[in-house]
Amino acid sequence: MTLAFQHVRINEGKLLRGEEHTANHVCPGADGDAWMVTFAEKQAECYLQYYDREGRRQVNLLLPGKYESRPLLWAGDTLWLGGNENELWQLNLRGEVVDRFSFSYWGRSPGVARIVALEEGPGGGLYVLLQNGQVYYRLPGQKKFSLHPVSELIPAGKLFDALCVEPDGNMWLAGEDALLYYDALHQSMRDFNQDVREITKHQPIYRQVLRDESGVVWVASDFGAIKFVRSKKLFTTYLNGGSSYCSSGFCSMRGFAEDERGNIYFSYYNSIHRLDPQTGELKPILMRSNFSNAPFGLACYKEALFTGNGLRIDLASGRIDSMLQGKLTEEGVLLTDHTNQLWLGNSHALYQYVPAARAWKPFRDAAGILDTFPYRISFLHEGQRSKAIWICTAENGLYRLDTATRKLTPFPADISQLRHPRVLACYEDPNGILWVATAKGLHRFDLVNNSVEVLGQEEGMHNDFINGLLPEGDSCIWVSTDNGLVRIRLKDRKMDHFFLEDGLPANEFNRISFFKARNGRFYFGGLNGVAAFTPGPGFQADRKKQDGRLLLTYFSKLDGKTDDMVMRVQGVPKDKGIRLSYKDKLFTLGFSLADFANPREHMYSYILEGFEKEWSPPSNINYARYNNLPSGHYTFRVRATNGNHNLEAEDLIIPVFVEQAYYKSPWFFLACTLAVLGIGYSFARYRIYTLRKREHYLEEQVGIRTAELEAEKQKSEDLLLNILPEETARELKNNGFAKARFFDAVTVMFIDFEGFTRVAEELPPEELVGEIDFCFRAYDEIMEKYGLEKIKTVGDAYLCVGGLPGEEVKSAVQIVRAALEIQEFMVKVREERSMSHLPFFRSRIGIHTGSIVAGIVGIKKFAYDIWGDTVNTASRMESNGEVDRVNISKCTYDLVHPYFECVPRGMMEVKNKGQVEMYFVNEMKTTVEGAIPGALNGRHNKIITLCN
């Protein structure tokens, strides 16, 4: 598998800060499509959007409420959305709400129960987290949501933001000063917030909780990602928490023994503990200060405990006797053979115990080699088939002692058969197979067929330093190393590795600290206590090959054309692979295992088939580099392990194609021949071609000049139409002049700013002009929308007219609708500027219907204008109106009252006009009978019709 990315653009053009939409919840589809929730900061609005696989937006639904986070989730084949406060919406693929669910809350505001997270639970159930920490869930097949038991354990007063439901039903909840883990089995809660604070030395803000495919839990915070790895408790541990007899809080184990009653004894620095396997009771047997350093070896023999440094401890009385005088080391080892003979190896000497005399006596072999033995004895073992005593040494392999003949022979005869001469343990099984643990791998000697096999780091072990080994019947052998335990299946040599993450007290183990009890239970001792377990069905099943997927993370090459290093991180399609030109001399492939439980233990091996014959040795290097590859087709293969398993079949296969240099191709020589012939023919045709090209050039120039003239003509006409009405412009263009015309019934609208002088004093001239221009541009757009004719602007006044020519009623209705929309626009502008504490304009609008004269006056800088009492009356309507209102005369009211809600003002005194009846227009009516289609009531968002 390779990494791949799909780009979706949700903002177009250059936007100011706060104007862009930011995505806060995304649900990608399998085909490259995506649902997402975006937030427009400036408007404080949330939108539900859908983009198809081509990146085109198909759904853009405005969500209610003025807050940002709206959780979104695909659960099965259903899209769920935290629609508004405590409401959960079920949506179809068109973004339509098909069902709603509400969750109860205390108080008046549903914001306390705002939905902040949605999670799909085990088996397809749906979990909903509210901001107050309440969790509701619905199992597959159910219709209603139930309150989850975890809700009873949530501390009061906390606010939560994130939820993660694990496959076993356990939960993580992250919120304000809380990082809670709910154990579903025991229905208990633990807060990890204090643990995180001890690491970060601050109080983080938790944003999201995720669980990856390998079982690692990630918590996103403002201090970065926090990683939680669940320990797999496969082992029982003892003394890993330290004791009062351990130094620095660690109990480094040194030896094991078992008495006749099945009690297990652990020796470590400064003390010996006894374990009762039946009750689990663990307590020290030595409480005296004169026992200051426990030996490496232990053995239970005739109701006494013998140590590797020559001590005998009476288990009944606790009395300690020293039976060996002289220079003894603490690193002694003990063995009880099948004849019940007790042996001791200490430093360079081998001893036998004489029970009658309660004394040790040195053992002498037939050749007297042990009298001056130059090597330190590190381990003793009795072979099950040979019944010989195997003496392991720290410097020179093993020695085989035949106790019947007292013959001592070195093994192997050729010491070079061992990768390292330091031997720490051995085991001979009933079939004559001798396993030898060395400082560089585990050796398997077939004593019957005289063959040898080595298992080390090159063969898949995580560590070469072998400290101990125990057999699991005749099917497996367990090995303790300086980096974890290894279970080796004898049939196929497959290995399972176990580390601290699997429940071990530590990854590093000690030599001589391994023991198999009579009931079959294993004990391995290390730097921090004991790991105990009973091998069997719990360890027989094959462990998963690797928890994470193997990914191609990047590809880079030294581009032969530009001589630059080029890197690609968006994946390589498997069908196309990697293509290189003959100029690309160097390229690198990066790969990684998406398992974050213990990434330092990841091992990789790779091969470039067609170029390499063998796989690379396993290592933690996660890239491969090649240079100067010959042209051809290759296949790059990678296999990996997360540390718990062997390197098995490859998971990543990438084709690699290296192109052949063009000058080495047969087609290149053929092309050269054809090129020579073509040059001669081309030269003959060249003069004909140049003449025709000149002819075509002249024709193109004529066409270009003609097009330029037409374009200039069109610009002039467009400019004229922008200044004059179309009919007047056509008359002026055709005749050179335009006559004034009388219009019997038109509607005139006069707009003026209230308090213009006050605002002008507060704003600089540039800003004042810019604000007026902003408003008048909006007016112009509204005029064009409703088919009205702008006449002119005078200072802060704006004059327009409807019905030049036009239908009397329709033009009156359109101009009133335009007036209402202008007032709505001015109210919005006022709200925005007042929030920023800026000056703003408020407008008065007056409208009157009557006859006018329209035309052009003057011969220079002429302009289209209108005259008549109708214009003066419209001006009086404006001046006698009120800000933010539309004031109309009785004439206009008679035309438009079927379509608008109007408020009569009665007879008003108007300068030079006397008493004039006026009306305020409030809004458009929602329905009108008997009319023509086409008018849109923006306030009520309904289609209405207007009469002819």
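**Close-up 1. An open sheet of 4 strands with antiparallel pairing.** The strand order is S25-S26-S27-S28. This is a predicted model, in which local features need pLDDT of at least 70 and side-chain atom pairs count only at pLDDT 80 or more, while totals for chains, interfaces and linings use all residues. Residues are numbered from 1 along each chain as its sequence is written, and side-chain values use heavy atoms, with hydrogens and water left out. Strands are DSSP runs (E, at least two residues), numbered from the N terminus; helices are runs of H or I with at least four residues. Two strands pair if DSSP finds at least two bridges between them. S25 (298–300) and S28 (320–322) each have a single partner strand, so one side of each lacks a neighbour in the sheet. From one strand to the next, the twist averages 20 degrees. Its axes are lines fitted to C-alpha atoms, for helices over the stretch in contact, with angles from 0 to 180 degrees between N-to-C directions.

**Close-up 2. The pairing of S27 with S28.** S27 covers residues 311–314. Its antiparallel pairing with S28 has 3 bridges. Ile313 has Ile320 of S28 as its bridge partner.

**Close-up 3. The hairpin of S34 and S35.** S34 (residues 389–393) pairs with S35 (residues 398–402) over 4 bridges, in the antiparallel sense. Opposite Cys392 stands Leu398 of S35. The hairpin has 4 residues between its strands. In the turn, Gly397 has a positive phi of about 70 degrees.

**Close-up 4. The hairpin of S35 and S36.** S36 (residues 407–411) runs antiparallel to S35, joined by 5 bridges. Leu398 has Phe411 of S36 as its bridge partner. Here too, 4 residues lie between the strands. Arg406 in the turn has a positive phi of about 60 degrees.

**Close-up 5. Cys392, a cysteine in no disulfide.** The whole structure has 0 disulfides (pairs of cysteine sulfur atoms within 2.5 Å). For Cys392, the nearest cysteine sulfur is that of Cys426, 3.5 Å away. Cys392 is buried, at 0% relative accessibility. Buried means under 20% relative accessible area, exposed over 50%, and partly exposed in between (1.4 Å probe, protein chains only). Cys476 is also buried, at 3%.

**Close-up 6. A nonpolar patch on the surface.** Tyr662, Tyr663, Phe668 and Phe669 form the patch. Together they have about 440 Å² of accessible area. Patch residues have over 30% relative accessible area and no salt bridge; nonpolar side chains are joined within 5 Å, like charges within 9 Å. A salt bridge is a side-chain nitrogen of Lys or Arg within 4 Å of a carboxyl oxygen of Asp or Glu. Phe669 lies in helix H3 (residues 666–723). Phe669 is exposed, at 53% relative accessible area.

Methods: Areas by Shrake-Rupley, 256 points an atom, 1.4 Å probe, with all protein chains shown as cover.
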